[in-house]
Amino acid sequence: MEAIIEEKVEFVAMILQQTVVMKEFLTRKRLQTLYEKSLSRTDADHLKELMKDKIHRSTFSYNDLKRLMEYLMYKYDHDFEESKTADNATGRKYSLDLKQQLFKYPYKQLMIWSILMLRQKMAKFAWQMGSEPITSAVAASRIYGSMAQNFHGNESALKEKVLGFKDEFEHLARSVLDECHAKQKDKAMMLAERKSPTWSSMTSLQIAASAKNMVYLSSAACRNSIDATWHQGILSRWKRVLVTVIFPFFLWTNFLQVDSMGEKKAKTFQKILTFYTAPVTKFIHYSVSLARECLDLQILYDMVL
């Protein structure tokens, strides 16, 4: 426990290589003890202030941690393992040894504690040891970014430090995704779009967008994913979409190309369905309708004058 608090990463790594299993070590009780000991230290003043400002508490409880993380991340789950149960004398179920309850993703909990305590070396170690490196790195940058927004004007040095940690995780997420994209483009898109069981079923794209993480969102895999979602099966450029919105009879011709879903040629019904459900079509249709209304108002205004 003290090795984690003092950020002795090498020692923690060595212990884990021997006999300790993190899932068995970081129980509900031990994580609570870790937070309680940390909050009693002077280097946790920033966290106590953050808790006072946002949840009006400065002591630890799992409910308070959830409220704080929901503020920093929007969605958050503790991910406790289901408690073992037994029957008592009345036949009712009761939990066995709740203090020893385990976490499904213990390295996620260690990383969150490390981020909140500004232990960047330990946070990176937990990230490396945990699952879903891309989504976890994006989540870490989101937490750091939210924390940085809440520092006061006289804490500029601390804010710069936290923003530096945030940038580091942003580039870690980008580099891992870019490496995957260089090897398998389709798989990289799937990773960007995948709902993460570790992070409350959010995708890395959702987390990055909510944090305005342009470093990650500007990656080739993210741009391809966003583009695919935007066109949603329409293969033609936007100018042809615009013409088809104005002249829908082009849907019965080869003027507009859509994904044939494995067939040699897309069926007319499939083409119509794909066209009118695609976000790019809805946007262009709305823009054309708005332009027509503005033109009608201008003509009416000129006639009145």
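This report walks through some helix contacts and salt bridges in a predicted model.

## Helices 7 and 9

Let's start with a pair of helices. Helix 7 covers residues 106–116 and helix 9 covers residues 133–148. Their axes come within 10 Å and cross at roughly 30°. Angles under 35 degrees count as roughly parallel, so helix 7 and helix 9 are roughly parallel to each other. As for the hand of the crossing between helix 7 and helix 9, it is right-handed.

Who touches whom here? On the helix 7 side, the residues are Met-111, Ile-112, Ser-114, Ile-115 and Leu-116. They meet Ser-136, Ala-140, Ile-143, Tyr-144 and Met-147 in helix 9. Sorted by class, the contact of helix 7 with helix 9 has eight nonpolar residues, two polar ones and no charged ones.

## Helices 10 and 11

Next come helix 10 (residues 156–183) and helix 11 (residues 185–193). The axes of helix 10 and helix 11 come within 6 Å, and they cross at roughly 145°.

In this contact, Leu-177, Cys-180, His-181 and Lys-183 belong to helix 10. Across from them, helix 11 brings in Lys-185, Lys-187, Ala-188 and Leu-191. The contact of helix 10 with helix 11 divides into four nonpolar residues, one polar and three charged.

## Salt bridges within a helix

Now for the charged pairs: the count comes to 17 salt bridges. One of them pairs Lys-48 with Asp-45, whose closest N and O atoms are 3.4 Å apart. Both residues sit in helix 5 (residues 45–55), and because they are three residues apart there, about one helical turn separates Lys-48 from Asp-45.

Helix 6 (residues 62–73) holds another pair, Asp-64 and Arg-67, three residues apart and so separated by about one helical turn. The closest N and O atoms of the Asp-64 and Arg-67 salt bridge are 3.3 Å apart. Is Asp-64 buried or exposed? At 3% relative accessibility, Asp-64 counts as buried, while Arg-67, at 39%, counts as partly exposed.

Lys-108 forms one with Asp-79, and their closest N and O atoms are 2.6 Å apart.

Which residues join up in a network of salt bridges? Glu-6, Arg-41, Asp-43 and Arg-119 are linked in this way.

## A look at Ser-210

One last stop is Ser-210, found in helix 12 (residues 204–210). Ser-210 is partly exposed, with a relative accessible area of 44%.

How far is Ser-210 from Arg-142, in sequence and in space? Along the sequence, Ser-210 and Arg-142 are 68 residues apart. In space, the C-alpha atoms of Ser-210 and Arg-142 are 8.2 Å apart.

Notes:
Residues are numbered from 1 along each chain as its sequence is written. This is a predicted model: local features need pLDDT of at least 70, side-chain atom pairs count only at pLDDT 80 or more; totals for chains, interfaces and linings use all residues. Side-chain values use heavy atoms; hydrogens and water are left out. Axes are lines fitted to C-alpha atoms, for helices over the stretch in contact, and angles run from 0 to 180 degrees between N-to-C directions. Helices (H or I, at least four residues) and strands (E, at least two) are DSSP runs, numbered from the N terminus. Angles under 35 degrees count as roughly parallel, over 145 as roughly antiparallel, 65 to 115 as roughly perpendicular and the rest as oblique. A crossing is left-handed if the near helix is turned anticlockwise from the far one by less than a right angle, and right-handed if clockwise. Contact means heavy atoms within 4.5 Å. Ala, Val, Leu, Ile, Met, Phe, Trp, Tyr, Cys and Pro count as nonpolar, Asp, Glu, Lys and Arg as charged, and the others, Gly among them, as polar. A salt bridge is a side-chain nitrogen of Lys or Arg within 4 Å of a carboxyl oxygen of Asp or Glu. Buried means under 20% relative accessible area, exposed over 50%, partly exposed in between (1.4 Å probe, protein chains only).
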